[in-house]
Structures are given as C-alpha cells and as structure tokens.
Amino acid sequence: MAFITPEELETHLYKENIEAISREDETLLTAAIDAALQEAYGYLGAYDRKKIFEATGRQRNALLLIFVKDIAVWHFVNLCNAGTDLQLRQDRYERAVAWLRQVQKSDVKPDLPVMDEDGDGIPDTAGEYIYGSNPKRNQHF
C-alpha cells in the first residue's frame, strides 16, 4: 500500500475538482502523488525514509502526511484551475516546502524514525554535534 492513496487527497481537494482536472484519468493524480513523495523524500535524508514512506494508516506522521498532500495537490492543480483557489494552494505548497527545509536543517525535529547508519537496527541517537567558527576578521592599519 502507498503512503498516500488518491482517495485521501479528497481531504485537500473536492472530489468534483479532482474529476474535472483529471478527466477520469487517475494516472495524473497518481503522478502528482509520486512527485510529492519524491520531493519530500529528498528533504528527509537524515531520517529513515524507507520506514517513513512504508508506513500506512495511523502509523504515518500526521504533519508530514498533511504537507505531502499539500505538495501533491499543488502539482495536480497546476494542470488546470477547475474551481480551486490557486493562491491558497501555492501558499500551502510553499508552507510545506518551508517545513521540509526546516526539518532538513534540523531547525524542526519531527517525530520520525532516525536513519540507522550502522545497520544494527537501533536508531542512532547519540546526540547532535554543533560546529562552526568565529567570523573571519580583517585587521587594517
């Protein structure tokens, strides 16, 4: 089973709008979902993406699910403006991508499985390392 099914997008877009845009061709909706999953997948490199996107039902992270749906609807709605507010969809898409970028930079820590790098089945949770240096100084006399 997929992380998101086409029927689940009806929480974000009315069924009649989906039918008007897709014109009875579900492959368009499936392609939009696949694109959204790949987009989200790219941002979650520090997490166990296989576990995240194989989850089904209530095992899925609710916030990630909402944002992936927003991204999928944005990709789908770009085909046509069939009675939907494109500005609202664009705003929600941009919010979803901004959240994924915050997760990528570790500004936001969602409840997602962390990538197990050593392969022992136990998530690596040793802590974070913060590194950096002072800004470069130029002395002029």
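I began at Phe3 and found that the charged end of Arg60 sits over the ring of Phe3, 5.9 Å from the centre of that ring. I note at the outset that this is a predicted model.

Next I looked for aromatic pairs, of which the structure holds four. One of them joins Phe3 to Phe53 in an edge-to-face arrangement, with 5.2 Å from centre to centre and 70° between the planes. I placed Phe3 in the segment before α1 (15-22) and Phe53 in helix α3 (residues 49-54), so this pair ties together parts that lie 50 residues apart in sequence. Both Phe3 and Phe53 are buried.

Phe67 belongs to helix α4 (residues 62-77) and Trp99 to helix α5 (residues 86-104), so here the parts tied together are 32 residues apart in sequence. I checked burial again, and Phe67 and Trp99 are both buried.

Last, I went through α1, where the buried residues are Asn17, Ile18, Ile21 and Ser22. Looking down the axis of α1, I found these buried residues within an arc of 120°, so they line one face of the helix. Among what covers them are α2 (26-43) and α4. Just after α1 I came to Arg23, which takes a positive phi of about 50°.

Note on methods
Residues are numbered from 1 along each chain as its sequence is written. This is a predicted model: local features need pLDDT of at least 70, side-chain atom pairs count only at pLDDT 80 or more; totals for chains, interfaces and linings use all residues. Side-chain values use heavy atoms; hydrogens and water are left out. Rings of Phe, Tyr and Trp (its six-membered ring) pair if their centres lie within 6.5 Å; planes under 30 degrees apart count as stacked, over 60 as edge-to-face and the rest as tilted. Helices (H or I, at least four residues) and strands (E, at least two) are DSSP runs, numbered from the N terminus. Buried means under 20% relative accessible area, exposed over 50%, partly exposed in between (1.4 Å probe, protein chains only). A charge sits over a ring if NZ of Lys or CZ of Arg is within 6 Å of the ring centre and within 35 degrees of the ring normal. The arc is that of the directions from the helix axis to the C-beta atoms. Contact means heavy atoms within 4.5 Å.
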